[in-house]
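Hi everyone, thanks for coming. I'd like to walk you through one protein structure today, so please have a look at it with me.

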Amino acid sequence: LLVVGLFVVGPLIARPVARVLGAPIARLRGLSGGLARENAMRNPKRTARTAAALVVGVALVAAITVFAASIKSSIRSIIGKQFTGDFVVATKSFGFGGLPSSLASELGGIDGVAAAAGVQIGGARIDGEDQAVTVIDPAVVAEVFDLGVVSGSIEDLDDAGILLSKDRSESTGLGVGDTVTAQFLDGSTHTLTVRGVYDKEELAGPFSITTSLYASTGADMFVFSIFLKLDDGASASTVESALETAIESYPMADLQSRQGYIDAQAASIDTFVNLIYGLLALAVIIAVFGIANTLSLSVYERTRELGLLRAVGATRGQVRAMIRWESVITALLGAVQGIVVGCVLGWAVVVALRDQGFKEFTLPLTTLVVVLVIAIVCGVVAAARPARRAARLDVLAAIHSE
């Protein structure tokens, strides 16, 4: 609806926006810039329609850019606030298998390591619904994570207990001391007592149980990451060397610093975003052809006018520049509208995902400026053939044309 509305009011927007965008061009490029500005303004319907395809392409690019930047900021914020450790041994198994849970105990015994918490994601049917459960060691997890416990405690968690997120506690009406029924992969059923409620569920999920309880159900015990906290005063470089040595026999293990882990998680969406950029590049290319075709038609319609310009002293270079700058103004019109619309759409998506923990809205100004520059380049490229044709018109034949 937003895009359709923009198309409808496009001609009304085109004239004032072209006047503003063309003002610096008119001052800097003299007669050619001034004529380009007037040409873009005098037929706002044509200018708006020419820029329409670029509006859509740039809007989608800007929306994806804003969305990606906001998601990355949210991921950095979530992990930065909830992970209080110093190193992470992550897995490179891409979702298949993981690291043996015994590795956490091995790493925890290294000098300088205060706590090593392996985390696994398992499955269970809780109160009749299939759920993902986070499998943790309550003895050490509180030392590397700040989950914002609001009632009970993580340390009280045992094999007969379960931790709930605050949202899940409120939606089910369950609190500390209440019980839930959990059925695991081996078919065994357990009645678990709520031992605590935590506020920050982005990393821990809605349910958390002990490693020993999950192991008793016969499930494969592979952790996806081991989070480490160092002793106060411990040398990070010395401990890092010891950790590297300890994981040499585990080819799927990857030791990362706290900041490195945060950066890696934030960059996890880059592949998806780059794929979308590749698809949207086609839309921008189509928009460039649209501008070129419209300018070619405009040159044909203004053949006599261009002939008169040449007759009164305009040089071929000035005519080429006029067409080129008219194309740039049109491209800028589409790019500016597209960026504004894209930022609004990106903001809307981020707002829609707030319940999932993505609460940071970020405007990647540098990237948006790059998009604007690319739009200007597209305008210059689109104008190349029409400008050359306009400059090569036969003056006498053009003046006598209908």
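Let me begin with a term we'll need: a residue is buried under 20% relative accessible area, exposed over 50%, and partly exposed in between, using a 1.4 Å probe and protein chains only. Now the background: this is a predicted model, where local features need pLDDT of at least 70, side-chain atom pairs count only at pLDDT 80 or more, and totals for chains, interfaces and linings use all residues. Residues are numbered from 1 along each chain as its sequence is written, and side-chain values use heavy atoms, with hydrogens and water left out.

Let's start with charged pairs. Side chains of opposite charge can pair when their charged atoms come close. For a salt bridge, a side-chain nitrogen of Lys or Arg has to be within 4 Å of a carboxyl oxygen of Asp or Glu. The structure has six salt bridges, and I'll show you some of them.

Asp-130 pairs with Arg-125, and their closest N and O atoms are 2.8 Å apart. Is Asp-130 buried or exposed? Asp-130 counts as exposed because its relative accessibility is 59%.

While we're here, find Asp-127, in the loop between β3 (113-126) and β4 (129-136). Asp-127 has a phi near 50°, which is a positive value in a residue other than glycine. Asp-127 is partly exposed, with a relative accessible area of 46%.

Next pair: which residue does Asp-263 meet in a salt bridge? The answer is Arg-76, at 2.5 Å from N to O. This pair links distant parts of the chain, with Asp-263 in helix α8 (residues 258-266) and Arg-76 in helix α2 (residues 44-82), 187 residues apart. Asp-263 is partly exposed at 31%, and Arg-76 is partly exposed at 36%.

One more: Asp-146 and Lys-200 form a salt bridge at 3.2 Å, N to O. Asp-146 sits in the loop between α4 (141-144) and β5 (149-152) and Lys-200 in the loop between β8 and β9 (207-210), so the pair ties together parts 54 residues apart in sequence.

Now look at strand β8 (residues 189-198), where you'll find Thr-193. Thr-193 counts as buried because its relative accessibility is 19%. Contact here means heavy atoms within 4.5 Å. Leaving aside neighbours within four places in sequence, the contacts of Thr-193 include Ala-160, Ile-162 and Asp-178.

Not counting residues up to four places away in sequence, Ala-387 touches Arg-320 and Ile-323. The C-alpha atoms of Ala-387 and Ala-321 are separated by 7.4 Å, though these residues are 66 residues apart along the chain.

Last stop, helix α1 (residues 2-42). How far would a straight helix of 41 residues span? At 1.5 Å a residue it would span 60 Å, while α1 spans only 26 Å between its end C-alpha atoms; the expected span is 1.5 Å times one less than the number of residues. There is a kink of about 155° in α1, centred on Gly-30. That bend is the angle between axes fitted to the seven residues ending there and the seven starting there.

Key: Helix = DSSP H or I, 4+ residues; strand = E, 2+ residues; numbered from the N terminus.
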